[in-house]
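Thanks for coming, everyone. Please look at the model on the screen while I talk.

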Amino acid sequence: MSTMEFFKEAGKMAIGSRLRLLTEKITEDAAQIYSLYGNDMQPKWFPVFYVLSKGEGKTITAIAKEIGHTHPSVSKITTEMAKAGYLVEKKDKTDGRRNVVQLSKKGKDTAIRIEDQLKDVEKAIDDISSQTRNDLWKAIEEWEYLLEEKSLLRRVLETKKQREGHTIRIVDYTPAYQQAFRDLNEEWITTYFKMEAADYKALDHPNEYILDKGGYILVALDGETPVGVCALIKMDDPVYEYELAKMAVSPKAQGRSVGYKLGRAIVEKARSLEAKNLYLESNTILKPAIGLYQKLGFKKVAGRATPYERCNIQMELIL
């Protein structure tokens, strides 16, 4: 199998390897091109050399910022260039505590001599571009912009989350899910707080304290495995009709939008019951949960009486 056949078969997963191979090919030629014009520079020095060829001395930090390299990388390159006689180091005239580097006489002479090399290289690259349907230089600019906006890692994470989210389905509660309803809630409560009397009542007797009073429980399944639960509890309150409560997602399923799917399903259930609003209680240390509720449209309201010690924030959703 040839190299090109390998990349066609491996596909986009091998993008890093393919770009590295292209870079290696260009770098190998670049070293010989410098020799062709009588310059003993290394290709990796060029960004630093180019910045300093404009005339003024610069600090390592300023150079690194301008060319997009790390400080240690630029520091190593300038050390190599100074050893080869291309750079000199001096104290900054405006701040004696800082050192600046600038081209030496050899460096300045090279900056003049390299002009023909730069023109020839640019012409050769333009010739390649004229024979292609896609402009590599513009494509690189576009990729750099898009990856700066959102990294490849983040894009893959979002794609993974979206794909895995498709396997999640929301179903109505049945007695078969009672243990899961209790276990999932107890798991998250004891991770941050402690189980309270009101928890035991609702989790040990969901029919009596939730369903028989006009409430509902929804279960999120991954295949046939319960990975999340949420309840819609009928309230005896002059303002609020229903409460979104007992939402819990297995740590193994977090990052797959399970909580959002459950919350959205509960909100739709409340709408189907012609509820005018929805109420919930939480704690501000649960930042992901608060963010989820805000995404669903909930807003903070003034404190109300609550049976839970862990509650320090109440929120409502006007339907």
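First, the ground rules. This is a predicted model, where local features need pLDDT of at least 70 and side-chain atom pairs count only at pLDDT 80 or more, while totals for chains, interfaces and linings use all residues. Residues are numbered from 1 along each chain as its sequence is written, and side-chain values use heavy atoms, with hydrogens and water left out.

Now the overall picture. The chain has 14 helices and nine strands. Helices (H or I, at least four residues) and strands (E, at least two) are DSSP runs, numbered from the N terminus. The C-alpha trace spans about 90 × 60 × 30 Å along its principal axes. The radius of gyration is 32 Å, whereas a compact globule of 319 residues would come near 20 Å. That radius is taken over C-alpha atoms, and the globule rule is 2.2 Å times the number of residues to the power 0.38.

How much of the chain is buried? Of the 319 residues, 34% count as buried. Buried means under 20% relative accessible area, exposed means over 50%, and partly exposed lies in between, with a 1.4 Å probe and protein chains only. Next, contacts, meaning heavy atoms within 4.5 Å. Among contacts with a separation of 6 or more, 56% are between residues 24 or more positions apart.

Let's start with helix α4, residues 60–67. I60, I63, A64 and I67 are buried there. Why do they sit on the same side of α4? Because they cover an arc of only 100 degrees around the axis. The arc is that of the directions from the helix axis to the C-beta atoms. In general, an α-helix has 3.6 residues a turn, so residues three or four places apart point the same way. On the face turned away from the buried side, T61 and K65 are exposed. The cover over the buried residues of α4 includes α3 (46–52), α5 (71–83) and β2 (99–103). Just after α4, G68 takes a positive phi of about 75 degrees.

V74 belongs to α5. V74 is buried, at a relative accessible area of 0%. Setting aside neighbours within four places in sequence, V74 is in contact with V48, I60, I63, A64, I67 and H69.

One loop stop. D92 is in the loop between β1 (87–91) and β2. D92 counts as buried, at 12% relative accessibility. Not counting residues up to four places away in sequence, D92 touches R98, N99 and V100.

On to the cores. A nonpolar core is a set of buried Ala, Val, Leu, Ile, Met, Phe, Trp, Tyr and Cys residues joined through side-chain atoms within 4.5 Å. The largest one has 27 residues, and L244, V258, L278, Y293 and F298 touch the most other members. Its largest share, five residues, comes from α13. A second, separate core of 20 residues includes M41, V48, I60 and V74.

Where does the record place a domain? UniProt puts "domain: N-acetyltransferase" at residues 168–319, in an unreviewed entry. UniProt positions are in the numbering used here, feature names are shortened, and annotations may be inferred rather than shown by experiment. Over residues 168–319 the chain is 34% helix and 30% strand.

Now the strands. Two strands pair if DSSP finds at least two bridges between them. β4 and β5 pair antiparallel over seven bridges, with Y216 opposite L232 in β5. Two residues lie between the strands in this hairpin, where G223 takes a positive phi near 75 degrees. β5 is mostly covered, with seven of its 10 residues buried. β5 and β6 run antiparallel, joined by six bridges. G228 has V249 in β6 as its bridge partner.

β6 and β7 pair in the parallel sense over two bridges. Y242 stands opposite L278 in β7. Is β7 enclosed or open? Six of its six residues are buried, so β7 is largely enclosed by the rest of the structure. On one side are N277, Y279 and E281, and on the other L278, L280 and S282, all buried.
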